[in-house]
Amino acid sequence: MRQILRNVALALALTGLFAVLAVSARAGDDVPRGPVEEGYAITIKMLAAKGKARPPAWRPPHRDRLMSKSLAALFARDDLYQDESGDMGQIGADPFLNGQDGEIKKLNFDTIPVAAGKATVLANFRSFGKPVTVQFQMIREDGGWRIDDIVNRFEGKDYSIREQLSQPYDCGSFMNKPCKR
């Protein structure tokens, strides 16, 4: 009987530990701007890194934590294409910077509720002295907020990262057409 009670106590303790770890692994996703703030913290560290480059927010290990499953899968498909073809993927710039290079000064966020389980987060900052706004479409998924699209503006036109990543590729294992590398 004591052994059964010990096993039950151990099981309860482990369940509590796993719950705490799951919550802490997703800390910050309880509000729409949480994953966006974390993405910019990663981007700022990446820009400040000397020597070995840190992975951007849309690459592992960050993307599955910050992005919806479908957006993360599109970014993963783009990475696979780049690996298999040796060519640039569908995204030619850092979506968090809205450019190939940049800096982040005077960063602030605005959250606009859209509907139940949906919101828009605007990241406003200055890059090389110019104002930049990046729009993040957020959804509730698996109990937390996730980035479901990133919309950049270039020369007065909005560009959906989801839309760009959804375009067909010339080759790739996922296209059933091997790349000639």
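These notebook entries record what I looked up in one predicted protein model.

**Entry 1. Ground rules**

I worked from a predicted model, in which local features need pLDDT of at least 70 and side-chain atom pairs count only at pLDDT 80 or more, while totals for chains, interfaces and linings use all residues. Residues are numbered from 1 along each chain as its sequence is written, and side-chain values use heavy atoms, with hydrogens and water left out.

**Entry 2. Overall build**

I began with the secondary structure and found five helices and five strands. Helices (H or I, at least four residues) and strands (E, at least two) are DSSP runs, numbered from the N terminus. Along the sequence I read the pattern α-α-α-α-β-β-β-β-β-α.

I then looked up burial: 36% of the 181 residues of the protein count as buried. Buried means under 20% relative accessible area, exposed means over 50%, and partly exposed lies in between (1.4 Å probe, protein chains only). The protein exposes about 11000 Å², and carbon and sulfur atoms supply 57% of this area. Accessible areas come from the Shrake-Rupley method with a 1.4 Å probe; for residues, only the protein chains shown count as cover.

For contacts (heavy atoms within 4.5 Å), I took the pairs at least 6 apart in sequence and noted that 50% of them join residues at least 24 apart.

**Entry 3. The largest pocket**

I looked next at the largest pocket, which holds about 280 Å³ of space. On a 1 Å grid over the protein atoms alone, a pocket is an open set of points where a 1.4 Å probe fits, with protein on both sides within 12 Å along at least five of seven lines; lining residues have an atom within 4 Å of a point. Grid points are joined across faces, edges and corners, and the volume is the space filled by probe spheres set on the points.

I listed the lining as Ile91, Gly92, Ala93, Asp94, Pro95, Asn98, Gly99, Asn152, Phe154, Tyr159, Ile161 and Gln164. The elements that give two or more residues to this lining are strand S4 (144-154) and helix H5 (161-165). By class, I recorded six nonpolar, five polar and one charged residues. Ala, Val, Leu, Ile, Met, Phe, Trp, Tyr, Cys and Pro count as nonpolar, Asp, Glu, Lys and Arg as charged, and the others, Gly among them, as polar.

**Entry 4. Salt bridges**

I searched the whole structure and found eight salt bridges. Such a bridge is a side-chain nitrogen of Lys or Arg within 4 Å of a carboxyl oxygen of Asp or Glu.

One of them joins glutamate 38 and arginine 65 at 2.5 Å, N to O. The pair links distant parts of the chain, with glutamate 38 in helix H2 (residues 33-48) and arginine 65 in helix H3 (residues 63-66), 27 residues apart. Glutamate 38 is partly exposed at 23% relative accessible area, and arginine 65 is partly exposed at 28%.

I also noted lysine 69 with aspartate 142, at 3.0 Å, N to O. Here lysine 69 lies in helix H4 (residues 69-85) and aspartate 142 in the loop between strand S3 (130-141) and S4, 73 residues apart. Lysine 69 is exposed at 54% relative accessibility, whereas aspartate 142 is partly exposed at 48%.

A further bridge holds aspartate 148 and arginine 162 at 2.7 Å, N to O. Aspartate 148 is in strand S4 and arginine 162 in helix H5, 14 residues apart. I recorded aspartate 148 as buried at 17% and arginine 162 as partly exposed at 21%. Salt bridges that share partners also join Arg59, Arg63 and Asp79 into one network.

**Entry 5. Threonine 120**

What surrounds threonine 120, leaving aside its neighbours within four places in sequence? I found contacts with Asp110, Thr111, Ile112, Val114, Gln135, Phe136 and Gln137. Threonine 120 sits in strand S2 (residues 118-127) and is buried, at 9% relative accessibility. Its C-alpha atom is separated by 9.7 Å from that of isoleucine 150, 30 residues apart along the chain.

**Entry 6. Backbone details**

I noted a cis peptide bond from proline 60 to proline 61, with omega near 5°. Proline 61 lies in the loop between H2 and H3.

Glutamate 155, a residue other than glycine, has a positive phi near 50°. I placed glutamate 155 in the loop between S4 and strand S5 (157-160), exposed at 73% relative accessibility. Asparagine 176, in the segment after H5, also has a positive phi, of about 55°, although it is not a glycine. Asparagine 176 is exposed, with a relative accessible area of 73%.
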